[in-house]
There are 2 protein chains.
Amino acid sequence: MLSGELKGTVVITGKQGIEELHRTSFYGRPKGDDLELSLAECAYLIYMKKINVQCDGEELDFEHFFIKASNIVKNFELFYIVYKDLRGRGYYVQPSDIGFRVYPRGGHPGKGPAEFLVFVTSERIPLLLTDLKKHLDNSDNKKKRLILAIVDEESDLTHYEVRKITPSGNSVLRPTTLQSNVTLLEDRCMVWEPDSSKMLHKEGFFGKPMDEGHLQLSLIESCYLMNCKVLEIEKRDHEKLDFAAFSRIAASIESDFMIKYKVYEKLRNSGLVPKTGFKFGTHFRVYKSFDSISHSDYLVHAISHDHIFSLQQVSRAVRLANSVKKEMIYAVVSDRIDFIVLGRVRL
Amino acid sequence: MLSGELKGTVVITGKQGIEELHRTSFYGRPKGDDLELSLAECAYLIYMKKINVQCDGEELDFEHFFIKASNIVKNFELFYIVYKDLRGRGYYVQPSDIGFRVYPRGGHPGKGPAEFLVFVTSERIPLLLTDLKKHLDNSDNKKKRLILAIVDEESDLTHYEVRKITPSGNSVLRPTTLQSNVTLLEDRCMVWEPDSSKMLHKEGFFGKPMDEGHLQLSLIESCYLMNCKVLEIEKRDHEKLDFAAFSRIAASIESDFMIKYKVYEKLRNSGLVPKTGFKFGTHFRVYKSFDSISHSDYLVHAISHDHIFSLQQVSRAVRLANSVKKEMIYAVVSDRIDFIVLGRVRL
C-alpha cells in the first residue's frame, strides 16, 4: 500500500501518490515530485485503506491518526465529517481557508472551476454577520456559491446556501392624504373614520379592521404613513406628534423599532407589501403584490450590521420559512440595507 | 336606548340593564339593583348600539369612550380585541384578573362553570415563566383550561393552550458495559471499537455512526452513558474523566449543558429516546420508543425556572413543532423537572 509521512499539518507522499491518488481521484496537491494531503483527506484515505501513515517512525492507525489530527487542527472532526460526506457522495473536493472548494458533478480539479465554497462550522459556534458577509463577498468575487455546512451535536450535517438578493414587487402606494385624525393608543394607532379606514386597507393593505368602521394600524405602518404625509397622528390628549416624537415613543415600546422601520420603508418603496411576521417568529411576512395577498413570498427579519447569528435560531427560522413555502431573508441595516437569503440545499 | 354612567373603572346601568343585557345575553354583573359593566364590555355594547354612556353629564361616542378607557385601563386595546373576538364567535365571557373566564359552547354564567381562563397579552410583553406557572396552577385548581391570547402588532390574535404533561415512553435501556475506550475529542466523543459502536446505536439509538466501525456520541449522550456506568471516557492524552470533570468541560462548551443534561436524563429514565433537536431549533426531538424511530413525537426545550419567554420565539417554536406534527414542550428545570406543553388552539 502507498505510504505517507505526517509532517506538521499535512501528510506527504512520494511520486506514487500523485499517480495513485491525484491523477485518478484528485486527492491532494502535487508539490514538485511529492503529493501533499490535508489531514481530513488523509484520515479518509486511511479509512478507505488506501494509505499507511507514519509519524516519527511509527505507523498510525485510524484511531491514532484521528486523535493526533484533532490535536493539530482546530475543529478537525467537523472538517472530517463534511469532507467524508462530500467525497462519499461523489464530489471532488479541495481545501480552502474556510473549509472546502467543491467541484460540480462532472467537474474536477484541472477541469473547470469549483462551483461551491463550503464554510464548515458547528451549531455551537456563533456566526458573526461580519464574517458571513466577508465569505459572501469572497465567493461572489470568485463566482462561486457559498454553502454553510453546519455540523450538529450528534454529527448530523445541514447545508444552507447563502445568497444576496434584491427583493422587489409591483405594488404601488395609492392612498391619498386623510382628512380624519388618527390616535396613538398604548402601542398601536386607530383610524376612527370609516371611509379613511376602508381606503387605507383597500389601497395599500395597511392595518387591520377592528370592525366595519375602525382600522387598527401598527406602529410601523402608522410611522410610514405619517412619513409619506398620508396621515397625521395625535396622542390621546390630542397633542400632535411629528416623525421624531412618534419614532421616539415607538422605540421605547419596541427596542428594535428603528431598524425594523428602515427595512419596512425599504420594502414598501421596492413595491412590496410587508405585514407582521409574528406568527412566523420574524419581523415581517412580505407579499410581492397586494393582488395576491393569500400567500406571502418572504419572511424578513431585520438585523443590525453587528449581528451575531445563533445557528440554532437560524435553523428554526429557515426550516419554518421553507415549511410554509417562503424564503427566509435577513435584512442587514447599516447606512444602507442589504438582503441575504438563507435556504436549505441538498448537495 | 339603555343608558349607563362611567364611574371609575366600570360603567353602571340601572335595573333595565339587568333585564336587557344580563338576563338575556350575560353581559355584566348585577350589584343589587344595578348592573356593572367592564370597560371592554361597554365599548362592545356601544359599538353594538345597545347602550349610551355618559361621563360628567356628557355622552361619549365610541371613539371618545375608547380613548378614555385606554387611559384608564392598562392594555385596554388588547382586552377589547380579545373580548370582541370571543363574543363575536358566540362565547359568553366574564372578566377575570388575568383576562377572561370563558364559558363553553352551550354554557353561560349561572349554567355550569366556565371552561377556559384566558390570559390576555401582547407579542411585545415578555412572559415570565414564574407568572405562567402561577396562572397554570391557578387554572388547574379551578379545573379550567388555560389559554394564552396573544395580540400581535397588527392586532391579529393567536391562541395557545398551556398544559402540564408527564411525557413517558416504553423504551428500556439495554446496553451493557463496554470494554473499549471512548475518547473525548473537541466537542464530541468517539467510540473506536466496531462492536461497541454497533451495540450502542442498536440497543439505545445512541450516537451517530461515522462509518461502519466508529460511533460519534454527543456530549450529553456520553455523559449519560458514563453516569450509567456503560462506558468510561478519556481525553486525547488518555487521562480518564469522571462525571464532575466531564460535565465541567461540557459546560464550558455549551453554556446550558447542565439543564440540558438533567432533562435528557429525566427523558431517558422515563422510557423516552431524546436526540438533538438542532434541525428544529430546540434542544431535543423525542421518540416515544425506538421501535418507531421514523417519527419523533415531541420537541423539548430545557429552560431554567427563572426563564423569560419572548412570545415571538414561542410563536416560532410552536408553529414549527405543529407543522411537523410534534408537540412543543418546555422542560422547566428547578430542583425537579416539570413539563409544559404549548399548542395552538382554535377556540
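In this predicted model, the contact between the two chains involves 45 residues of chain B and 45 residues of chain A. On the side of chain B that touches chain A, at least two residues come from each of helix 3 (62-72), strand 19 (273-276) and helix 10 (311-323) of chain B. Helix 10 of chain B gives the most to this side, supplying 7 residues. By residue class, the side of chain B that touches chain A holds 19 charged and 16 polar residues, together with 10 nonpolar residues.

Turning to the backbone of chain A, Phe26(A) has a positive phi, near 60 degrees, although this residue is not a glycine. A positive phi, of about 65 degrees, is also found in Lys229(A), again a residue other than glycine. The loop that holds Phe26(A) runs between helix 1 (15-25) and strand 3 (29-31) of chain A, while Lys229(A) lies in the loop between helix 7 (219-227) and strand 17 (233-234) of chain A.

The table sets out the surroundings of these two residues.

| Residue | Other C-beta atoms within 10 Å | Exposure |
|---|---|---|
| Lys229(A) | 9 C-beta atoms | exposed |

Lys229(A) counts as exposed because 9 other C-beta atoms lie within 10 Å, where the limit for an exposed residue is 12 or fewer.

Terms used: Residues numbered from 1 in each chain as written. Chains lettered and ligands numbered in written order. Predicted model: local features only at pLDDT ≥ 70, side-chain atom pairs only at ≥ 80, totals over all residues. Contact = placed C-beta atoms within 7 Å. Helix = DSSP H or I, 4+ residues; strand = E, 2+ residues; numbered from the N terminus. Nonpolar A, V, L, I, M, F, W, Y, C, P; charged D, E, K, R; others polar. Buried ≥ 20, exposed ≤ 12 C-beta atoms within 10 Å, placed from the backbone.
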